[in-house]
Structure formats: structure tokens, C-alpha cells
Amino acid sequence: MLKYILDICSNMEKNIVIFGYTDLGISIYQEIKLLTENIECCFCDNQKSKHGEYEALKVYSVETCVKKYPLGIYILTGINSSNQMKQQ
């Protein structure tokens, strides 16, 4: 499934935003980077304490990501993320 998403992103020049800077989100990011280097990928998270840069990883607020990547592909890393994203 992830390979399929990455193919779509590459073909449509889409960025990937992972909703949730968590262990699961980081694992997804690492898998993406193993499969391709051509797609820009970042995180968004509701917790302000997580916003910033961690080595090559960028974590933004949801509002910033929506403005910066309005047509990006958003990967939700949990049920809570799904409900929060729908509300935002």
C-alpha cells in the first residue's frame, strides 16, 4: 500500500505529510525514505512542544501544513489523528 501511495505522489509531484510525530509516524517516514528520496516528507502535530526540526525531520502545526501543502497527501497515524484532522 505504501509503495502505491509513493508512486502516486511521485507521478503527481505531491508532498507527504505524516499527521503525528510519534514512533509510528517516524517508522512510516523511515520506510518512505527507504523506498524513495524524491518525495518531500514532513510531519504535523497538534502538540506545540513537538514543532521544530529534529535532524532532517520537520514538524509543523496542522495549520502551517495545510497552508504549505494544501494538495499534499496526508497520512494519519491513528484514530485520534483522524478525528482531529477531520475537525481541523
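## Overall architecture

The secondary structure of the chain comes to 4 helices and 5 strands, where helices (H or I, at least four residues) and strands (E, at least two) are DSSP runs numbered from the N terminus. Read from the N terminus on, these elements follow the order α-β-α-β-β-β-α-β-α. This is a predicted model, in which local features need pLDDT of at least 70 and side-chain atom pairs count only at pLDDT 80 or more, while totals for chains, interfaces and linings use all residues. Residues are numbered from 1 along each chain as its sequence is written, and side-chain values use heavy atoms, with hydrogens and water left out.

Of the 88 residues of the chain, 38% count as buried, a term that here means under 20% relative accessible area, with exposed meaning over 50% and partly exposed lying in between (1.4 Å probe, protein chains only). Among contacts with a separation of 6 or more, 58% join residues 24 or more positions apart, contact meaning heavy atoms within 4.5 Å.

## Strand pairing

Two strands are taken to pair if DSSP finds at least two bridges between them. On that basis strand β2 (residues 41–44) and strand β4 (residues 57–60) pair in the parallel sense over 2 bridges, with F43 standing opposite V59 in β4.

Strand β3 (residues 52–54) also pairs with β4, in the antiparallel sense and over 3 bridges, and here Y54 stands opposite L57. The hairpin of β3 and β4 has 2 residues between the strands, and within this hairpin E55 takes a positive phi near 55 degrees.

## Nonpolar cores

A nonpolar core is a set of buried Ala, Val, Leu, Ile, Met, Phe, Trp, Tyr and Cys residues joined through side-chain atoms within 4.5 Å. The largest such core has 13 residues, and those with the most contacts inside it are I16, I18, Y29, I32, C41 and F43. At least two residues of this core are supplied by each of β1 (16–19), α2 (23–35), β2 and β4, and the largest share, 3 residues, comes from α2.

When neighbours within four places in sequence are left aside, I18 is in contact with G25, I28, Y29, I32, C41, C42, F43, C44, I75 and T77.

## Cysteines

With a disulfide defined as a pair of cysteine sulfur atoms within 2.5 Å, the count comes to 0 disulfides. For C41, which is in no disulfide, the nearest cysteine sulfur is that of C42, 6.6 Å away, and C41 is buried because its relative accessible area is 11%. C65 is likewise in no disulfide, the nearest cysteine sulfur, again that of C42, being 4.1 Å away, and C65 counts as buried at 0% relative accessibility.

## Polar and charged interactions

If a salt bridge is a side-chain nitrogen of Lys or Arg within 4 Å of a carboxyl oxygen of Asp or Glu, the count comes to 1 salt bridge. K50 forms this salt bridge with D45, the closest N and O atoms being 3.8 Å apart, and D45 counts as buried at 7% relative accessibility.

S61 lies in the loop between β4 and α3 (62–68) and is buried, with a relative accessible area of 15%. Its side chain makes a polar contact with the side chain of T64 (2.9 Å); a polar contact is a pair of N or O atoms within 3.5 Å, where, within protein, one must be able to donate a hydrogen and the other to accept it, and residues adjacent in sequence count only if both atoms are side-chain atoms. Leaving aside neighbours within four places in sequence, S61 is in contact with C44, D45 and H51.
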